[in-house]
Amino acid sequence: DIKIAHIYGKTGPFEAYAKQSHDGLMLGLEYATGGTMEINGEKIIMIEKDTQLKPENGKALLEEAYGDDEVDLAIGPVSSGVALAMLPVAEEYEKILLVEPAVADSITGANWNRYIFRTSRNSSQDAVASAIALAGDNVHIATLAQDYAFGRDGIAAFREALATKGISLVHEEYAPTDTTDFTAPAERIFNAMKDLDGTKKLFVIWAGGGNPLSKINAMDPGRFGIEFAGVGNILAALKSYKEFPGMVGATYYYYELPDNPVNDWLVKEHFDRFGTPPDFFTAGGMAAGIAAVEAIKKAGSTDTEALITAMEGMEWETPKGTMQFRPEDHQAMQTMYHFKIRVDDDVEWAIPELVRELTIDEMPIPIRNQ
Amino acid sequence: MTTAPEHAPKMAQAGLAERLGPYIPMLLVPILVVLGFWAIPNTSSWLTLTVSGLAMGMMIFLMASGLTLVFGLMDVINFGHGAFVSVGAFVGISVMLMMGHMVESPSLMLNLLAVLIAVVGAMVATGAMGWAFEKVIVEPVYGHHLKQILVTMGGLIVVEQLLIVLWGPEEIYFTRPEALKGAITFAGAALEKFRLVAVVVGLVVFLTMRWVLRGTKIGLIVRAGVQNGEMVQALGYHLRLVFVGVFVAGSALAGLGGVMWGLYQEVITAHMGNQAMILIFIVVIIGGLGSVEGCFIGALLVGLMQNYVAFLEPKAALISNIGLMVAILMWRPMGMIPVVKAK
Amino acid sequence: MSDPILKLEGVFTNIAQYHILQGVDLEVPRGAVTMLLGRNGVGKTTTLRTIIGHWRAHQGRVMFNGEDITSTPTPTIARMGIGFVPEDMGIFSDLTVEENMVLAAVGGPINSARLDWIFTAFPPLKTFWKSEAGNLSGGQKQMLSIARAMVEERQLYLIDEPTKGLAPAIISTMARALKDLKDQGASILLVEQNFAVARALGDSANVMDDGRMVWSGDMAQLGSDAELQERLMGLSMETH
Amino acid sequence: MIHSVLSGDLPRSRILSIVLLGILVCLALAPFLFPGVRTVDTAARICVFIVLVASYDLLLGYGGIVSFAHTMFFGIGAYGVALASTHMGRGFDAIAVGAVSGAMIAALLALVIGLFSLRVRAIFFAMITLAVASAVAVLVSQLSGLTGGEDGLTFKTPRALGPAFKFGKETFDGTLFGVKLNGKLLAYYFVFVGTLVLFLFMLRVVNSPFGRVLQAIRENDFRAESIGYRVVKYRVAATCLSAAIAALAGSLYAVWLRYVGPDTTLSMEIMIDILLMVVIGGMGTMYGAILGATLFVLAQNYLQTLMGAASGLVEGIPILPELLSADRWLLWLGVLFILSVYFFPTGIVGRLRNQG
Amino acid sequence: MTSPLLSTTDLTVRFGGHVAVDAVTCDFHPGQLTAIVGPNGAGKTTYFNLISGQIPASSGRVELRGQNISGQSVSQRTRAGIGRAFQLTSLFPNLSVLENIRLVVQSKAGQGFNLFSMASRHAELTDAAEAILKRVRMIDSRDQIVSELSHGDQRKLEVALLIALDPAVFMFDEPTAGMSVDEAPVVLDLIAELKDQSDRTVLLVEHKMDVIRTLADRIIVLHNGALAADGAPAEVMASDVVQEAYMGRGLEGILEDV
Ligand SMILES: Nc1ncnc2c1ncn2[C@@H]1O[C@H](COP(=O)(O)OP(=O)(O)OP(=O)(O)O)[C@@H](O)[C@H]1O
Ligand SMILES: Nc1ncnc2c1ncn2[C@@H]1O[C@H](COP(=O)(O)OP(=O)(O)OP(=O)(O)O)[C@@H](O)[C@H]1O
Ligand SMILES: [Mg+2]
Ligand SMILES: [Mg+2]
C-alpha cells in the first residue's frame, strides 16, 4: 500500500480553505489514477490529520505520520506558520513533505530543506504577476498591506518586481492585521496620491477579514482618480469585488481562466458532485494530488531518494496547465492570470475575466534558498 | 413629641478639583478633537478622521452597550457577548438577503425599512438566545466571576460552532443596501453614509438607555439585587424576572450591534463578534463598569484615538487603545465614571 | 378585638440539615406592638425570615390576614403590605441613601410628608441624602434600614433588633417613630435585645427558646416579673 | 519521607491518591508503556502543562489573583530558550542561559506590572494583564526580525536531545524493552524530571508560611493588612514567582518542541485552556493541576478521533452526524467546558476529597 | 504622669466637604482604658480608621511613642504596635479557627516570607496560637472552619485575633454588639485584663452605658467629628453635651410618652 497523509487545519478560521484543498487533493488522486486510486497496483491510503492551525500540532502530527503511521509522503498544510514548523520534521525523518497551499516565500526560501516540495504558488509569484499586470506608462502605484511579515514581504517582492519595470512605489501603507476602520490609512494614501497626474492605482494585499477594499471604496477614491488593483481570492470573497468593475490584477486561479483538459475535467466533476464550481484552493489541491501520483509512478517506488530524483525538474499537468518543480528550490513554476473584473448580475460574484496568461517564462521568480 | 438631638456635621467647602472631578470625562472628547486639529496639518483630513472616528465610536458603543449593561448592573462578565454579536449579524444579514428587492432598490425608505426589519429580527433572535443563555448558563454562576468567564466562554464556543453548522464555515460577503453605499463629500472630506445611520442609531440607543436607567427603577433594582437579592425581594420586587429581562435586553443590544457591525464590515464570520471583544472590553473598562455614559464617552474616545493615531503614526496604532486604557486607569483606577464597586 | 393580622401555626423550619424552628406558634394582633424575645441563637431571626419567605417552613402554616402565605413568593408577600428590617440591615451600599429609599417606595414616588416625618426621627439621613449608603456609620445604616421599611404605609412591620449600634438618643426617637406607626394603625412584630425598649414599646410578648415558643402573654406582666425574666431569658438586673 | 517530599500536603482521598499515582507512573514510563511518537508527545505536553497550570494555580487558587498574562510569561520562557539556541548555537549552555534569563525577565516584567496594578481592584488587574499580554503578542509578531513574527522560530537543541542521537549501543543493543534509546527519549526525561522538580517545589511553596499568607490574603486582604502583612508585597511576590515558573515551563516546552511561535505559546486560547484546566482540576489544590492538565490535553488530542467514530455510528440521521463530525470537536469541548464548571464546582480534587 | 503611648494632634479628615473628624487632639497613656462615646456618625469609627491607617488623614498627626506614624501604611502601623478589632466582623472565613490565629502569630514572628519550610513544622507558632485559644475559651473549636461558627463565636474570634496580635494600642469597636448576655462578660473580662498591663493602652467604642461605667478609666466624647469632652467617667457622663447630644431624653422619656 501507499500511505499518504494530508495534514491541514481542518478546524478554525481557515476551515473553508481546508475543505477546498482536501476536495481538490482527492479529485487529483482520482484523476491521476484514472479512478482506481491505485499506483502501480498498490492502493493509496489517505490519512487525514487536523492541525487546528497550531504549529505545534502540525509538527507532532507530521512526526506521527512519519513515525507511527509510516506514511510515504505527507501533504499540507494551509497556514504558512504551521508549514514552517513542520519543515524540519521532514528533514529529521528524511521523508517528503509536499507543501500545499501555504504561500510564504521562506518555505522554499530560507527555511527550505531538500525534502520539501511545494505545488502552491509562493508570494513572489503573486507579486511578480501583479507587477506585470499593473505596469504601464505613467502609472503611479501605492500599496496597502497588513503590518506583519507576510504583508511586508509581499510588498517587498512586489516592489522589487516593479523596479525591474522601472516603476517605483509612491506610497507604502501598512495597517495592523485587526484594523477595522480604514479611514486613516485611506486618508494617508489619498494625501500621497491626490496631486499626481496619470493613472493611479492602489494595490492591496490583505489576507483574512477586514475587507479594506470596499471600506476605502466607500470613501470615494474616484474623487482623486485612484483605482484599485488586487489579487484573486476565493469565490465568496469575489462577491465583494462586485463594487469594482474594471479592476485589474493577477490571480492564481479562477475556474474559467485556464483552458486545458485537466481543468475541464475538474470543473465538470466539481459541478456534478458538489453543484458548485471548483474554487481557489481546489485547483491547488488537485495539482498536489496529481503531482504525488506522477512522482511515485516516475520513481517506481516510494523510496525517498528515488522520489526526490524523480520530482526535481518534473513536469506534470494540472488544472493550471503544465507545472514544473524547479530543481533548485523545489518550487512549482506555474502560470498566473492577468484579469479584469466584469460584473454580471446573474452571477453571485464578480468575474475575473482573462486579460492574458502570464506564462512561466515571463515571470522571473527569484530563488531564495541559497 | 420627642425630637432627635440636633444634627449638624461640620461642612467645609470642597476643593475645586473635587467638585470638577465628575465633569472631566465629558470634556475629554472635545479636548481630543482639538488636539487632533492641532496635530493634523490637513484640515480636510482632520474633518474626515474626526467625523468617521466619532461614527466608529458609535458603532463600538452599540456593540458594547449590552455588555456594560450586563457587566455593570448584574456584575456578570459575559465573555460570550461576542457570540451574540455574531448571531445578530448572521440573523440580520440573512433576513436582509431574503428581502433582496427592498435592499437593491435605490429608495432610502425601503432600504431603511429593510435594515429595520433585519434589526428587529436579529434582536428577537439574540434576545431569545439571551433568555436561554441566562437560564442555562449564567443563572448558576451569579457572583462567581471566574466561573462566569469560563462558562460564558464555553457558551461562546458552542454558539460559534453552531453558527458554522448552520451557515457553513465560509465567510459570507454581501453588499449594503443601495442607498447606504458610498459617501457624502463635503469640504474635501468624505463620510460614509452608513456611518451616519450608525450615529443616529447609537444616539437613540444611548438616550433610551439613559432614560430607562435614570427614569425607571430597573437600574436600581438590578444593582441592589446584585448586592443583596433577598432584600430586594423583601421590598417586593420579582428579582429573577428583572434579571432575566436585563440579560435579554443586553443580548438584544448585542444583536443590534451585530447587525450594524455586519453591515459595516460587509463580510460576516462566526468569529467576528469575538474578534471585537478586546475593543469592547477596553471601552467598558475605561468607561467605568456599568456606566452607560462612561461607555459612550469611552467608545467615542477609542474611535477618535484610533483614527488620529493611525493617521499620524501608523506604527503606534497597534497599541493606541491599550495605551489609552492604561492611561485612563492610571488616572482613575475605576474607570472614568465608576458606578459599581467592582470586587 | 378582631382576628390577628399574622398567625403562625406549628411552623418547622430547617436550614440545610439543621432543624432550627421546631413548632412555632405565634399570633400578632392588629394595631399593636408584639415583642419576640429570647437569648442568642434561639430562632427569632429565623422566625422572621420564615414569615417573609427567605426560609421556607417545611411544616405548619403562616397566615397573613387569614390568607395562607406559607409558600407565596417573597415579593408577593412583601406587596401584601409587610415591611421588613433585617438583622444585618440589608443596606445597598453602592446606592445612595436616596436611591435606597426610592427603591423601598414600591408604590411610586416618596410621599414628602412621610419623608419629613422620617427626617425628624433620623436627621442624618437628610444630611447624607445624596451620599453612598456604604459610607454611612454603623448606626446611620441602621437608621436607613428602619427608614426604608417606614417609607410607605404597611400593615405589618417585621423588625429585627433595630437598636443595636444606635446611640441612646436615637433609640428614643426611633421608639417614638415606632409608636407613631402603631398609632397610624399598623401592627409591629419586633425582635429586641434591649429590654428597656421592649418594656417601653411592647403590648404583648412572646419568648422563644430552642426553636419553640415558651411563653406568650402581656408585656407589662413580663416586664414587672423579674423572676420570670430570669427564667426565660437569663436576664439579670444589670442589663436594664 | 513522602510526607516531607509532598510538603505535608497529602492527596487526602483514597481515589485521588490512586489516580495521581497512576498518572505519575504513566508519565514516568510513558515512552515504554505507550511507545509511539504521538503518545510520547502527548505525555510531554501533559508534563509541561502540569507545571504551567500549577504555577497559575499558585496565583489564582492561592493568591486569588486573576491574570490573563500567564501565557505571556510562558512565551517569554519559550522564546528565551529559542533565541539563546538560535544565537548561541545548539547546546545545554544555551538552554540554561535561555531558561534562566527567560525566568528572570518574566519575573521582572511581573514585578513591574504588579507594582503598577496590583493596588487596583482585582478585575482591573485582570483587564490590565489582558491588555499587556495582547500588546506583547502584537509586539512579538511585529519584531519578526528577532522573533520570526507569526511564523515563529525553529531551532536546534543539543544533539543529545534529538532523535539522531543514539546511545546504549553496547550495553542494551540500542533498545530497551523494544524502545529505541535515542535523544528523543532523553528529551522526554528532561521534561519529565523538570516537571517533577518544579511541581514539588511549588507544593512546598504553597505549604510554607508564605503560602499560608497568600491564602489569608485571598480570603480577606483587608484583614491580612491589618494583622501586619504587606498585602501588595505578597501579591507581587506571588506574581513574580508564578511568572518565573511559567517561564520555566515555557522553556521546557521549547526544548521539547524545538519550535516556538506566537500561537503556540502566547495565544489567548492557551490562556483559556489554562483557566479551564485549573478549574476542572480544582483551584487552590495544586494536585488539581495534574488532573486538569492530563484530562484536558488528552481531550484536546483524542476528542476528534473519538468523535469521528461516533459520527460514523449515527450516519443517516439528519443533522446529528453534522454535529458529531470530527470537525465539530470544538463544539463539544465547549459543552464540556460548561458541564465541568457545573458538575465540578470545586474541581475534581474538591469532589474526590468531599467524598471522604 | 507618664508620657503618652499614643497621641493624635489636630487629626482631621474630610470626605468631600464633610469634616468627619475635626482636629482631634488627644493623648492616650499606658495602663489606661479610654472609652470613646458619641452619637451615631460622630466619627468614632473614622477616628479609629485614621489611627490604624485605613483612611489617610487630610491633616494632622498620629504619634506612637512620640514617633510620627502618619505616613505609614496599615501593615506598618500594625507592626509598630497598633492593633484593631472591627465593628463589622472581618475574619478569614474559609480557614480554621487555629489557622486564623496562627496567621497573626506568624505575622508577629516575621515568618511570612519563608518560602521553603513547611508551615506545619513550625511548632512554636502552633503552640502560641493554641495558648491564645485557651485564653479566649475557644480551644474546643480550634479545627472548625470559621464560616461555620455561630455569630457570637465569630465576634469572639474577632477579639481573639487582636489579643493574639498583642499590640501596644488595643482598639475595640463595639466588641459586644450582637453578643448575647451570657457571652459578653467573657470578652469584657479579657479587655479588663489588658488594661492592667502597664505598657498597653486600650481604646473602646461602646454604646452600652453599663459596660462603660464598669470598665472605663476615662471617657472622651466625639460630637460632629470634634472632641467635645474628655475626663473621668462620672463627670463626663453628667456633662451637658453627653446628656443632650448623646443620651437625649433617655429611655425613661419614651415610657412617659407612651
Ligand atoms: N445559614 C445558617 N446555616 C446554619 N445554621 C444557621 C444559619 N442561620 C442561622 N443558623 C442557626 O440557627 C439558629 C437560630 O438562629 P437565629 O438567627 O434565628 O437566632 P436569633 O434568635 O435571631 O439569635 P440572635 O439573637 O443572635 O439574632 C442558630 O443556632 C444559628 O446558629
Ligand atoms: N469613606 C467615607 N466617605 C464618606 N463619608 C464617610 C466615610 N466614612 C465615614 N463617613 C462619614 O463620616 C461620619 C462618621 O462616621 P463613623 O463611622 O466614624 O461614625 P461612628 O461614630 O462610628 O458612628 P456609629 O456609632 O454609628 O458607628 C458619618 O457621617 C459617615 O457618613
Ligand atoms: Mg437574630
Ligand atoms: Mg462606628
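These legends describe close-up views of a predicted model.

**View 1. Chain B as a whole.**
Chain B contains 15 helices and five strands. Along the principal axes, its C-alpha atoms fill a box of roughly 75 × 50 × 40 Å. The radius of gyration of chain B is 22 Å. A compact globule with 343 residues would have a value near 20 Å, so the two agree. Of the 343 residues in chain B, 63% are buried. The accessible surface of chain B comes to about 12,300 Å². Carbon and sulfur atoms hold 72% of that surface. Contacts in chain B between residues at least 6 apart in sequence were also sorted by separation. Of these, 78% join residues at least 24 apart.

**View 2. Ser44(B) in its helix.**
Ser44(B) sits in helix α3 of chain B, which spans residues 43–74. Is Ser44(B) buried or exposed? Its relative accessible area is 16%. The cut-off for buried is under 20%, so Ser44(B) counts as buried. Which residues does Ser44(B) contact, leaving aside its neighbours within four places in sequence? They are Ala187(B), Gly188(B) and Ala189(B).

**View 3. The surroundings of ligand 1.**
Around ligand 1 there are 14 residues. The closest are Asn40(C), Gly41(C), Thr45(C), Thr46(C) and Glu87(C). By class, the shell has four nonpolar, six polar and four charged residues.

**View 4. Polar contacts of ligand 1.**
A polar side-chain atom of Thr45(C) lies 2.4 Å from an oxygen atom of ligand 1. A polar backbone atom of Gly43(C) is 3.0 Å from an oxygen atom of ligand 1. For Val42(C), a polar backbone atom is 3.3 Å from a ligand 1 oxygen atom. On its own, ligand 1 has 640 Å² of accessible area, and the protein covers 67% of that. Two elements of chain C give two or more residues to the shell around ligand 1: β2 (18–28) and α1 (44–52). The most come from α1(C), which gives three residues.

**View 5. Ligand 2 between two chains.**
Ligand 2 lies between chains C and E. How many residues surround ligand 2? The count is 20. The closest are Ser137(C) and Gly139(C), together with Lys44(E), Thr45(E) and Thr46(E). The shell around ligand 2 divides into five nonpolar, 13 polar and two charged residues.

**View 6. Polar contacts of ligand 2.**
From chain C, a polar backbone atom of Gly139(C) is 2.6 Å from an oxygen atom of ligand 2. From chain E, the side chain of Asn40(E) places an N or O atom 2.9 Å from an oxygen atom of ligand 2. A backbone N or O atom of Gly43(E) also lies 2.9 Å from an oxygen atom of ligand 2. Taken alone, ligand 2 exposes 640 Å², and the protein buries 89% of that. Which elements give two or more residues to the shell around ligand 2? Chain C supplies α6 (138–150). Chain E supplies β2 (18–28) and α1 (44–52).

**View 7. Ser267(D) in a loop.**
Ser267(D) lies in the loop between α14 (262–265) and α15 (268–281) of chain D. Its relative accessibility is 16%. Buried means under 20%, so Ser267(D) counts as buried. The side chain of Ser267(D) reaches the backbone oxygen of Asp263(D) at 3.4 Å. Leaving aside neighbours within four places in sequence, Ser267(D) is in contact with Thr71(D) and Pro262(D).

Seven pairs of chains are in contact. Among these pairs, chains D and E share the most contacts. Chain C and chain D do not touch. The nearest C-alpha atoms of chains C and D are 16 Å apart. No contact joins chain A and chain C either.

Key: Residues are numbered from 1 along each chain as its sequence is written. Chains are lettered from A and ligands numbered from 1 in the order in which they are written. This is a predicted model: local features need pLDDT of at least 70, side-chain atom pairs count only at pLDDT 80 or more; totals for chains, interfaces and linings use all residues. Side-chain values use heavy atoms; hydrogens and water are left out. Helices (H or I, at least four residues) and strands (E, at least two) are DSSP runs, numbered from the N terminus. Buried means under 20% relative accessible area, exposed over 50%, partly exposed in between (1.4 Å probe, protein chains only). Contact means heavy atoms within 4.5 Å. A residue is near a molecule or strand if one of its heavy atoms lies within 4 Å of it. A polar contact is a pair of N or O atoms within 3.5 Å; within protein, one must be able to donate a hydrogen and the other to accept it, and residues adjacent in sequence count only if both atoms are side-chain atoms. Accessible areas come from the Shrake-Rupley method with a 1.4 Å probe; for residues, only the protein chains shown count as cover. Ala, Val, Leu, Ile, Met, Phe, Trp, Tyr, Cys and Pro count as nonpolar, Asp, Glu, Lys and Arg as charged, and the others, Gly among them, as polar. The radius of gyration is taken over C-alpha atoms; the globule rule is 2.2 Å times the number of residues to the power 0.38.
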